[in-house]
Amino acid sequence: MSYAFTRSLGFFSALKKVILSTKKTNSSLSLPVAASAMDGNSSCALVLCGKSSAENETAKTLKNSGALKLTDNTELSILLHSESEKPIKEDAFGVDSFMNSLSTNRFGRFLLWSPRLPSTHDVVSQNFCELPIGAVCVADVQYKGRGRSKNAWESPKGCLLFSFTLQMEDGRIVPLIQYVVSLAVTEAIKDVCDKNGLPYVDVKIKWPNDLYLNGLKVGGILCTSTFKSKQFNVSAGIGLNVDNEKPTTCLNTFLRELSVTTYQFRREDILASFFDKFEKFYELFINQGFQSLEELYYKTWLHSGQRVIVQEKNEDQVVENVVTIQGLTSSGYLLAIGDDNQMCELHPDGNSFDFFKGLVRRKLD
């Protein structure tokens with residue numbers, strides 16, 4: 001008998017409340033919006049495209065079957081890329097440009113694009129079984145984008161907004177996939193810089209799933225999974241500020257401030273490079289474990305050697321401990337060491353927007 005459950009990756013319920021004092025950062029990928037900000041019953045269009053003739057046949061089959069659905073009774077129109085009106089708006093995602101730049105064997109080769117969707121993540125997660133593994137959904141704008149704990153987020157034009165599918169067998173490593181995705185994003189940006197002779201735009205990883213540039217949040221990752229028929233069906237969603245200055249900053253604003261080039265990052269180039277990097281990293285991850293990527297990951301994240309003060313409430317008493325972050329545990333939590341040389345594991349708690357607020361500290365034997 002098959003069964004299914006849904007699990008958000010990277011955010012775990014705490015066993016007890018902890019207050020952590022650390023430096024706060026003014027950061028957000030996007031601004032909270034009310035759920036009713038836009039009409040959920042409005043219509044949306046999806047354009048399907050494959051890199052190969054076989055994948056384009058899959059697109060035709062999906063269109064004819066009418067199997068793809070959206071929630072909230074949103075009317076959905078399905079088009080094939082070959083049938084879509086041309087020319088498309090200048091600021092729309094360039095499907096042909098993306099496909100011509102892509103060089104993967106599996107990931108990103110089947111594309112669903114829309115100028116406007118409730119959420120790319122909902123599209124791939126709700127239609128997971130209808131889509132080929134590695135399929136990606138891209139939207140120019142999404143009006144019901146969500147972060148952790150189902151928070152609603154505004155996702156303005158200029159963001160790279162996409163979600164894709166993958167399948168895993170070993171549940172012990174599923175929580176680590178968000179780190180592989182984060183690393184692929186940062187390395188893709190470096191790759192685009194290399195190809196265009198640009199100085200590195202040094203985007204950093206803020207554990208567990210945020211992307212930062214010059215102290216401001218420019219991106220985030222959301223991974224969810226369901227377990228069905230002995231497989232974990234994983235939907236990975238990414239938002240990256242490419243050409244939208246609000247609400248924080250974006251990659252192109254950073255380039256303009258450097259005043260060394262007229263080049264502007266394009267979403268299509270970053271996405272194609274992302275899948276090239278992710279496919280390589282994913283193969284290493286599955287075959288050799290996350291250890292094969294740890295050195296590069298630690299060079300890219302913000303936390304090695306970071307000292308934090310944990311104030312742990314225990315009934316009416318508050319016990320204060322200073323810990324230093326060492327890395328990640330095998331299960332993907334933060335590994336830290338106290339001033340007493342006691343190793344401990346730090347877990348995020350609930351729905352906090354502050355990096356360390358509400359961490360759970362558990363001693364390791």
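User: Helices (H or I, at least four residues) and strands (E, at least two) are DSSP runs, numbered from the N terminus. How many helices and strands are in the chain?
Analyst: This is a predicted model, in which local features need pLDDT of at least 70, side-chain atom pairs count only at pLDDT 80 or more, and totals for chains, interfaces and linings use all residues. Residues are numbered from 1 along each chain as its sequence is written, and side-chain values use heavy atoms, with hydrogens and water left out. The count for the chain is 7 helices and 18 strands.

User: What percentage of the residues in the chain is buried?
Analyst: Buried means under 20% relative accessible area, exposed means over 50%, and partly exposed lies in between (1.4 Å probe, protein chains only). The chain has 365 residues. The buried share is 54%.

User: Of the contacts in the chain with a separation of 6 or more, what share comes from residues 24 or more positions apart?
Analyst: Contact means heavy atoms within 4.5 Å. Take the contacts with a separation of 6 or more. Residues 24 or more positions apart account for 67%.

User: How many disulfides does the structure hold?
Analyst: A disulfide is a covalent bond between the sulfur atoms of two cysteines. The test here is a pair of cysteine sulfur atoms within 2.5 Å. Cysteine 44 is buried because its relative accessibility is 4%, and cysteine 49 is buried at 7%. The disulfide count is 0.

User: Is H6 parallel or oblique to H7?
Analyst: Two packed helices are described by the angle between their axes and the distance between the axes. Axes are lines fitted to C-alpha atoms, for helices over the stretch in contact, and angles run from 0 to 180 degrees between N-to-C directions. H6 (residues 267-288) and H7 (residues 291-300) have axes 8 Å apart, at an angle of about 130°. Angles under 35 degrees are roughly parallel, over 145 roughly antiparallel, 65 to 115 roughly perpendicular and the rest oblique, so H6 and H7 are oblique.

User: How do the residues of the contact of H6 with H7 divide into nonpolar, polar and charged?
Analyst: H6 brings Phe281, Leu284, Phe285 and Gln288, while H7 brings Gln291, Ser292, Leu293 and Leu296. Ala, Val, Leu, Ile, Met, Phe, Trp, Tyr, Cys and Pro count as nonpolar, Asp, Glu, Lys and Arg as charged, and the others, Gly among them, as polar. The division is 5 nonpolar, 3 polar and no charged.

User: Which residues in H7 meet H4?
Analyst: H4 (residues 177-195) and H7 have axes that come within 10 Å and cross at roughly 65°. That angle makes H4 roughly perpendicular to H7. From H4 come Tyr179, Val180, Leu183, Thr186, Glu187 and Lys190. Their partners in H7 are Leu293, Leu296, Tyr297 and Thr300.

User: Which residues does serine 182 touch, not counting residues up to four places away in sequence?
Analyst: Serine 182 is found in helix H4. It counts as buried because its relative accessibility is 0%. Its contacts, leaving out residues up to four places away in sequence, are Ile205, Pro208, Asn209, Leu211 and Ile221.

User: Where is proline 208 found?
Analyst: Most residues other than glycine have a negative phi, and most peptide bonds are trans. The bond joining tryptophan 207 and proline 208 is cis, with omega about 5°. Proline 208 lies in the loop between strands E10 (204-206) and E11 (210-213).

User: The peptide bond from lysine 246 to proline 247 is cis; what is its omega?
Analyst: Proline 247 sits in the loop between strand E13 (231-241) and helix H5 (251-258). The cis bond that reaches proline 247 from lysine 246 has omega near 5°.

User: Is lysine 230 buried or exposed?
Analyst: Lysine 230 is in the loop between E12 and E13. Its phi is positive, about 65°, although it is not a glycine. Its relative accessibility is 70%, so lysine 230 is exposed.

User: What is phi of asparagine 214?
Analyst: Asparagine 214 is in the loop between E11 and strand E12 (216-228). It is exposed because its relative accessible area is 60%. Its phi is positive, in a residue other than glycine, and is near 55°.

User: What distance separates the C-alpha atoms of valine 234 and valine 174?
Analyst: Valine 234 is found in strand E13. It is buried, with a relative accessible area of 0%. Valine 174 is 60 residues away along the chain, yet the C-alpha separation is 8.2 Å.
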